[in-house]
Amino acid sequence: MEAITESKAAGTSPICYIVTPVGMLGYGLDEDSTARELATAVSTGIPTALILDSGSTDSGPGKLAFGSMTCPRSAYVKDLAKLLALVYRFHVPLIFSSAGGDGTDEHVGEMCQILEEVAADERYHGHRFKIISIFSSIDKATVSSRLKEGRITGCGPCVPPLSEDDINSSRRIVGQIGPEPFVDTMEANPDFNVIVAGRAYDPAPYAAYAMFQLRRRFPNISPEDIDKRVGGFLHMGKILECGGLCSTPKSSGAVSATYEDGRFDVWPIDPASRCTPISVAAHALYENTRPDILRGPGGVLYLDQSKYEQLEDGRSVRVSGSNFRPLKNDGAPYQLKLEAARTIGYRTMFLGTVKDSILIRQIDTLLARVKKYAQQQHPEAGGMWQLDFHVYGSQRDAANAPAEIFIVAEALAQNQQLATSIASKARIAMIHGSYPGQKATAGNFGFGIGGLTEIELGECAQFCIYHLMELDLGEERLPASTCEVSNKVTPLIRSNVSFIGNGQDTLPNNGLKGSIEGIQTQLAGTSLKHTDKNETNGQIFQGPASSPGTLSDVSEILRSKNAGPYEITIDILFFTREIYGRIQDCDVVSAENVSQALNIDQKDIIWMGFFEPALAFKVTIPRFRNGKMTSAGSFMEDDVHGSQQHTGIARMKLPKNYFSTKASSL
């Protein structure tokens, strides 16, 4: 470790650069701007990689239940064609995880098939690419065995206990792997060109590449000294996996330079955007239960001591002080998060409008009668079905009814025929049901949008596994690694190596010594010119309201988002430190006030608190539907991302002492 200490004192160069062109594979990327960043990084001779995420549970349980992908196959073809061209042009490796959105073995194979099709292009004639596939689908028998041993727990307080039925009814189970399998395969195949991985912890491939380069630069570094740096590497990955969300205005992608001591710099790809200490610190809030403690595979990432420093260029931020504590330090086993979904029946929907103000004022009464009518018409079904309504635009108990409301009805049953029959009877009752004061006797309901009456939606999915499974020693790694591995017939995590392309010459990888030679001609044609830094992508920036009355008036960002399938988290980022201090001191966001604003019990608040690095307040609650805790997606979902659950907080009134308080924290 003396070499590291000496080089740090002298001011080291980064151990690697990582370029993330977009926050999700398949969403589209700007090849030219990505090439500009790669050209700058590769010209230094420092190892550089293209890394991006490809998966999430955000969009609901459908992918795991049905085997579908987040984006159409054509979208992946377009993105991977651009990315492989960049791999070829700059001799950099490409790494992406959670293939297809859910990270199943099938979708790892599908992405490799797409890459093979792309590599057949004539421009790659004479060359081949070395592809590593990592598989993380988990066998049901393994999960069942661990459940019987008492080695599985819910991931968070809102997740119900796992049952055998949950396991048996799931279509496929994936495990969210950590950095270890990535490091193992990089060390076994340092000349790889592409890694396609199954379901993974989003920061895992980023942290793994930094760990791999750290060990290459300092071969004798101890595992304990690596652990001291992993916190920074994971924090870097947590920020980059969402692309340029850490910048303002939001960029599509971002770049990091990571140092041997765990520090890292981050900046946006879009030259009209910039990172600030607050915009980067704020990313710790995003999609997390709490901003200071982030739990992941094998341990806990602590950000309470992280520091954020604006660099001289005005658009880059240096982050330091992040700390990772492995579970093994506390004598606890490594835990892997499992994800799975099942189908719970078939759905049919109908939709339409109501404009009659007489009916709008009593719409709840009519909807109750519609449910009763549907039940009367299906006695043979024995009540084994559900019917419910989304009502949009209604102002319940208002003296003046809105001019129009929009209704979406969902029927769920054990087969499509029954679901459609229930929806049909409910639609008829909606049209022709009577109500006090009725004048519009020709019909209550405007329907037939798109020429359809009932719309059959097919199977309905539901999350059934979102749990932590304890691993045996070494199971978090690939079996070919040198670490101690349990003697099992089938390892949990698997990999293979293949070659694609129509040639014999394997493409060099600039992560290897000397491979930068021979690509100068590729760099010569790349423009490094940035656009005007004063451009703002059309965004209009506003400050706090001159006469604020609500929390929304004093917040720069006020958002809600999933924190996994079972929780909703709400972030408020205030305009200034003075406003942040006033909000702290006037106690407007007390547990009592917050619970009233969100219409929940105080005991249901999972976590709430202030986060000074981002001048923010955060509250996390369970996901509710019809008054019951539930998971994202499935029957009667109307906000699968949880992005429209912040309005109760936004409308909270500022108390009088907000205006008279002199913030003591300033």
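**Figure 1. An aromatic cluster of four residues in a predicted model.** The model shown here and in the other views is predicted. Phe574, Tyr580, Phe610 and Phe617 together make one aromatic cluster. Tyr580 belongs to helix H16, which covers residues 577-586, and is one of its buried residues. A search of the whole structure gives ten aromatic pairs.

**Figure 2. Helix H16 and its surroundings.** The buried residues of H16 are Ile579, Tyr580, Gly581, Arg582, Ile583 and Cys586. Their packing partners are strand S23 (567-574), strand S24 (607-611), strand S25 (616-622) and helix H19 (656-660). Just after H16, Asp587 has a positive phi of about 60°.

Figure 3. Arg582, a buried residue of H16, lies over the face of Tyr658, at 6.0 Å from the ring centre. Tyr658 also forms an edge-to-face aromatic pair with Phe659, with 5.1 Å from centre to centre and 85° between the planes. The two members of this pair fall in separate accessibility classes: Tyr658 has a relative accessible area of 5% and is buried, since the limit for that class is under 20%, while Phe659, at 46%, is partly exposed.

**Figure 4. The pair Phe350 and Phe445.** The ring centres of Phe350 and Phe445 are 5.8 Å apart and the planes stand at 90°, so this pair is edge-to-face. Phe350 is in strand S15 (residues 335-354), and Phe445 is in the loop between helix H14 (416-432) and strand S18 (446-447); the pair therefore ties together parts that are 95 residues apart in sequence. Phe350 is buried, with 1% relative accessibility. Phe445 is buried as well, with 7%.

**Figure 5. Helix H14 and the elements around it.** Twelve of the 17 residues of H14 are buried, so the helix is largely enclosed by the rest of the structure. Among these buried residues are Leu418, Ile422, Met430 and Ile431, and also Gln416 and Arg427. The buried residues of H14 pack against S15, helix H13 (363-376), strand S16 (385-392), strand S17 (405-413), S18 and strand S19 (455-470). At 1.5 Å a residue, H14 should span 24 Å, and its end C-alpha atoms are 24 Å apart, so the two values agree.

Figure 6. Leaving aside residues up to four places away in sequence, Phe182 touches Ile95, Ser97, Ile134, Ile177, Ile195, Ala197, Ala200, Ala204, Pro205 and Ala208. In soluble globular proteins, nonpolar side chains tend to be buried together.

**Figure 7. Arg128 over the ring of Phe499, and the chain as a whole.** The charged end of Arg128 sits over the ring of Phe499, 4.0 Å from its centre. The chain around this view contains 19 helices and 27 strands. Of its 666 residues, 56% are buried. Among contacts between residues at least 6 apart in sequence, 77% join residues at least 24 apart.

Terms used
Residues numbered from 1 in each chain as written. Predicted model: local features only at pLDDT ≥ 70, side-chain atom pairs only at ≥ 80, totals over all residues. Heavy atoms only, no water. Contact = heavy atoms within 4.5 Å. Buried < 20%, exposed > 50% of the residue type's maximum accessible area, 1.4 Å probe, protein only. Helix = DSSP H or I, 4+ residues; strand = E, 2+ residues; numbered from the N terminus. Phe/Tyr/Trp six-rings, centres within 6.5 Å; stacked < 30°, edge-to-face > 60°. Lys NZ or Arg CZ within 6 Å of the ring centre and 35° of its normal. Expected span 1.5 Å × (residues − 1).
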